[in-house]
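Thanks for coming. I have one structure to go through today, so let me put it on the screen.

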Amino acid sequence: MTDNQRAMYSGLCTCWNTQVTQRWSRSQVYLFVNSAGFSFMLTRPPTRASLLIASMIGFILIAFWYAANYRTHQWLVYF
């Protein structure tokens, strides 16, 4: 293995490890937001409007979470 190849693979491994770390960090934030929303919904009597708003916010968050993970994975594999 040449020095150029070693440097290339070292950079690729660093990018991969960073992507995995970021995915876990995003998942922890997502879990925290869902837990906060769940506890907020438990402290108030649920109305139809509050359930609809909570569902829409949850859908938006999961869409952003999925899109962020998808795009970072595509960037990593050079699509």
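How many helices and how many strands are there in the protein? There are 2 helices and 0 strands. Helices here are DSSP runs of H or I with at least four residues, strands are runs of E with at least two, and both are numbered from the N terminus.

Some housekeeping. This is a predicted model, in which local features need pLDDT of at least 70 and side-chain atom pairs count only at pLDDT 80 or more, while totals for chains, interfaces and linings use all residues. Residues are numbered from 1 along each chain as its sequence is written, and side-chain values use heavy atoms, with hydrogens and water left out.

Overall shape next. Along the principal axes, the C-alpha atoms fill a box of roughly 65 × 20 × 10 Å.

Of the 79 residues, 8% are buried. Buried means under 20% relative accessible area, exposed over 50%, and partly exposed in between, with a 1.4 Å probe and protein chains only.

Now the largest pocket, which holds about 270 Å³ of space. A pocket is an open set of points on a 1 Å grid over the protein atoms alone, where a 1.4 Å probe fits, with protein on both sides within 12 Å along at least five of seven lines; lining residues have an atom within 4 Å of a point. The volume is the space filled by probe spheres set on the points, which are joined across faces, edges and corners.

Which elements give two or more residues to that lining? They are α1 (3-43) and α2 (48-76). Among the lining residues are Val33, Phe38, Phe40, Ile53 and Leu61. By class, the lining has 8 nonpolar, 4 polar and no charged residues. Gly37 also lines the pocket; this residue sits in helix α1 and is partly exposed at 32% relative accessibility.

Last, the structure holds 1 salt bridge, meaning a side-chain nitrogen of Lys or Arg within 4 Å of a carboxyl oxygen of Asp or Glu. Arg6 pairs with Asp3, with the closest N and O atoms 3.0 Å apart. Both lie in helix α1, 3 residues apart, about one turn of the helix. Arg6 is partly exposed at 46%, and Asp3 is exposed at 59%.

Technical notes. Ala, Val, Leu, Ile, Met, Phe, Trp, Tyr, Cys and Pro count as nonpolar, Asp, Glu, Lys and Arg as charged, and the others, Gly among them, as polar.
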